[in-house]
Amino acid sequence: MTLPPDFPVERSELVLGGSEYEEFSDYELPAHVGSTSFQKLPLVSDEELARLAPDVAIVGAPIDDGTSNRPGARFGPRAIRAATYHSGDLWSIQLETSVLDRIRAVDAGDAPVVPSRLTRGLRVIHEKVWRVARTGAIPIVLGGDHSVTYPSVAAVARARDPRKVGVVHFDAHADTGEEVWGSLVSHGTPMRRLIEEGWVEGRNFVQVGLRGYWPERETFEWMRGQGMRWHRMVEIEERGAEAVIDDAIAEALDGPELVYLSIDVDVVDPGSAPGTGTPEPGGMLPRELLRAVRRIVGSVELAGMDVVEVAPPYDHAEVTAALAHRCVLEALSALAARRAEDGPAR
Ligand SMILES: [Mn+2]
């Protein structure tokens, strides 16, 4: 008579390192344990940044004093950094590439902003992005409301001068207002300031996803006068996102060599991205936006990027923060895939 086999659960743990206590590095520990930097990337000071000269640096811009409707985007960078359950290196199923071992990425921390001082905030965000961009790194800025794009694009354009930068801007709203209740700095005006001050040519400022009821006709007339190009949501409905994105890339690079990518998470339908201050029904699908990020970053020379307007107080089940986080990961993956074509992983 043979006995049944032992139930082997007491042998269910493998100790993977020498001692249990030191079994996992912080980078390998689960996402909810240990460091709170983006993907547990090294959190570096401005001085270390200059020494390391990484390929990419994450920058937080936790400010929302530029919002016109519901505030809360000041909590965006923390929520985006936390919106992961992966640790260690990543394998992109979309692009079939390893990600973090192919590019040198760091988290440069936050710009030192404080509440109630919007113009100071924009100055220190400009300084922070400038400190990143002048090392040659690509800054990826986590907002914050969309006012942060004004100092961020200006810093990138300064750092890359005399090379010219075009902008691809995803948003429900054009953000080209002359003023918002008398204020020239707001999340409704950054694109106007960038064009007026000459940081980006109007004709290379390309907007995707516009819809709803703001801005009004006079502002669109100003935009037309600047030679701006835009693709409304109805155009995506009619032609599909793929064709529109290809046009947007060509228009941004009609002259410039570099592209800055600005993503207002409200470009996505509020059903999939409710955690934002000015939701506008009828937007893009998350999969369309993520595909667009891969397409753009994979086919242009990226100068900088931001993901803004994530307002965690209105989010549900952290879906908006997760989408914003994945926009950044898709960009990192696309950069890694391009690097993979150049040579072996590092
Ligand atoms: Mn916006």
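A residue counts as buried if 20 or more other C-beta atoms, placed from the backbone, lie within 10 Å of its own, as exposed if 12 or fewer do, and as partly exposed in between. This is a predicted model: local features need pLDDT of at least 70, side-chain atom pairs count only at pLDDT 80 or more, and totals for chains, interfaces and linings use all residues. Residues are numbered from 1 along each chain as its sequence is written.

**View 1. Strand β9 and its two faces.** Strands (E, at least two residues) and helices (H or I, at least four) are DSSP runs numbered from the N terminus.

**View 2. The partners of β9.** Strands pair if DSSP finds at least two bridges between them. β6 (residues 165-170) runs parallel to β9, joined by 6 bridges. H169 stands opposite S262. On β10 (residues 301-308), also parallel to β9, the count is 7 bridges. Here Y260 faces G304. Helix α9 (residues 286-299) carries the chain from β9 to β10 in a right-handed β-α-β crossover. Right-handed means that, with the strands pointing away from the viewer, the path from the first strand over the helix to the second runs clockwise.

View 3. All 6 residues of β7 (residues 205-210) are buried. 4 bridges link β7 to β6, in parallel, with V168 opposite V206. Another 4 bridges join β7 to parallel β8 (residues 229-232), where V208 stands opposite H231.
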